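This briefing concerns the side-chain interactions of one protein chain.

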Amino acid sequence: MRLNNFISSCGVASRRKSEVIILEGRVQVNGKIVLAPFFQVDPENDLVTVDKKTIKLSEHVYYVINKPSGYVCAVSDKYDPVVVDLITDFKGKLYPVGRLDRESEGLLILTNDGNFTQNVSHPSKEIHKEYEALLNIPINLKQLERWRKGFEIFDGSENHLVIPISVNVIEREPLNQWLSIVIGEGVKREIRLMAQQAGFKVKKLIRRKIGKMKLETLKTGEFMRLSFSDLYTKILNGGTV
């Protein structure tokens, strides 16, 4: 098992953060510092420490939550409450799978399984996300067609051409202000940025689906613990939470 995967699977940090920890020289395997994230370890027989503390594989847990507005998708934050604090029946470390910005709501997965996080989040897996967005003013057909062609978005470091998989009007009051938007990429605040380029502001943003798993019964702030197989089945084959 790769060292960065092992550290992530132990719930110490995400896979990317685990690589940073390794490169900082904070990880030892059988008493020797290892600086290679892809170094192979035997979880049963090798002694791995981070900052001189022994780590071991922990039981993987999987939660889905209906994230409320006002919570940050992070483990800790200096200024805002974090979404992991909403999980009240588990005391270990959990990490959000993907992100919803502070103002956004809806379906979110939390887990301590770094490999699962990587698999679900990577664009190559083609696990799309569906959102419902309430615009500040009605959208017309010409604007809708323009949105469907995509926008060039700057994520803070580089530009990305983001083309949504679909954008459709939802028949809901206020009319022509609710959109269903399906995306396959993970650019930060992409829906809000696309709306801005199209001349709109997003008043409300709800993630409704991850893959084929749909948010229906969980009320705002409520969560549900699922087994790995149940969660993956819902994502790949369909199901409600």
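## Side-chain interactions in a predicted model

D80 has a relative accessibility of 26%, and therefore counts as partly exposed. The model is predicted, and D80 belongs to a network of salt bridges with shared partners. The points below take up that network, then a pair within a helix, the aromatic contacts and the nonpolar cores.

**Salt bridges between separate parts of the chain**

- The model contains 13 salt bridges.
- One of them joins the side chains of R102 and D80, with an N to O distance of 4.0 Å. R102 is in the loop between strand 6 and strand 7 (105-111), while D80 is in the loop between strand 5 and strand 6, so the bridge ties together parts that lie 22 residues apart in sequence.
- R102, at a relative accessible area of 37%, is partly exposed.
- A salt bridge also connects D101 with R192, at 2.8 Å from N to O. Because D101 lies in the loop between strand 6 and strand 7 and R192 in helix 5 (residues 190-197), this pair ties together parts that are 91 residues apart in sequence.
- Both partners have accessibilities under the 20% cut-off for burial: D101 is at 18% and therefore counts as buried, and R192 is at 14% and counts as buried too.

- E145 and R148 form a salt bridge in which the closest N and O atoms are 2.6 Å apart.
- The two residues are three positions apart in helix 4 (residues 141-148), so about one helical turn separates them.
- E145 is partly exposed at 36% relative accessibility, and R148 is partly exposed at 29%.
- Elsewhere, salt bridges with shared partners join D80, D101, R102, E103, R189 and R192 into one network.

**Aromatic rings**

- There are nine aromatic pairs in the model. In one of them, the ring centres of Y63 and F90 are 6.4 Å apart and the ring planes stand at 50 degrees, so the pair is classed as tilted.
- This pair links distant parts of the chain, 27 residues apart: Y63 belongs to strand 5 (residues 62-67), and F90 to the loop between strand 5 and strand 6 (95-97).
- Y63 has a relative accessible area of 0% and is therefore buried.
- One aromatic cluster is formed by Y62, F116, F228 and Y232.

**Arginine over aromatic faces**

- R2 is positioned over the face of F38, 4.2 Å from the ring centre.
- R172 is likewise positioned over the face of W178, at 4.6 Å from the ring centre.

**Nonpolar cores**

- The largest nonpolar core has 36 residues, of which V83, L110, W147, L179, I181 and M194 touch the most other members.
- Strand 5, strand 7, strand 8 (129-135), helix 4, strand 9 (151-154), strand 12 (178-183), helix 5 and strand 13 (202-210) each contribute at least two residues to this core.
- Leaving aside residues up to four places away in sequence, L110 touches V61, Y62, Y63, I65, V83, V84, I87, Y95 and P96.
- A second, separate core comprises 17 residues, including V64, I109, F116 and V241. F116 is also a member of the aromatic cluster with Y62, F228 and Y232.

Note on methods: Residues are numbered from 1 along each chain as its sequence is written. This is a predicted model: local features need pLDDT of at least 70, side-chain atom pairs count only at pLDDT 80 or more; totals for chains, interfaces and linings use all residues. Side-chain values use heavy atoms; hydrogens and water are left out. Rings of Phe, Tyr and Trp (its six-membered ring) pair if their centres lie within 6.5 Å; planes under 30 degrees apart count as stacked, over 60 as edge-to-face and the rest as tilted. Helices (H or I, at least four residues) and strands (E, at least two) are DSSP runs, numbered from the N terminus. Buried means under 20% relative accessible area, exposed over 50%, partly exposed in between (1.4 Å probe, protein chains only). A charge sits over a ring if NZ of Lys or CZ of Arg is within 6 Å of the ring centre and within 35 degrees of the ring normal. A nonpolar core is a set of buried Ala, Val, Leu, Ile, Met, Phe, Trp, Tyr and Cys residues joined through side-chain atoms within 4.5 Å. Contact means heavy atoms within 4.5 Å.
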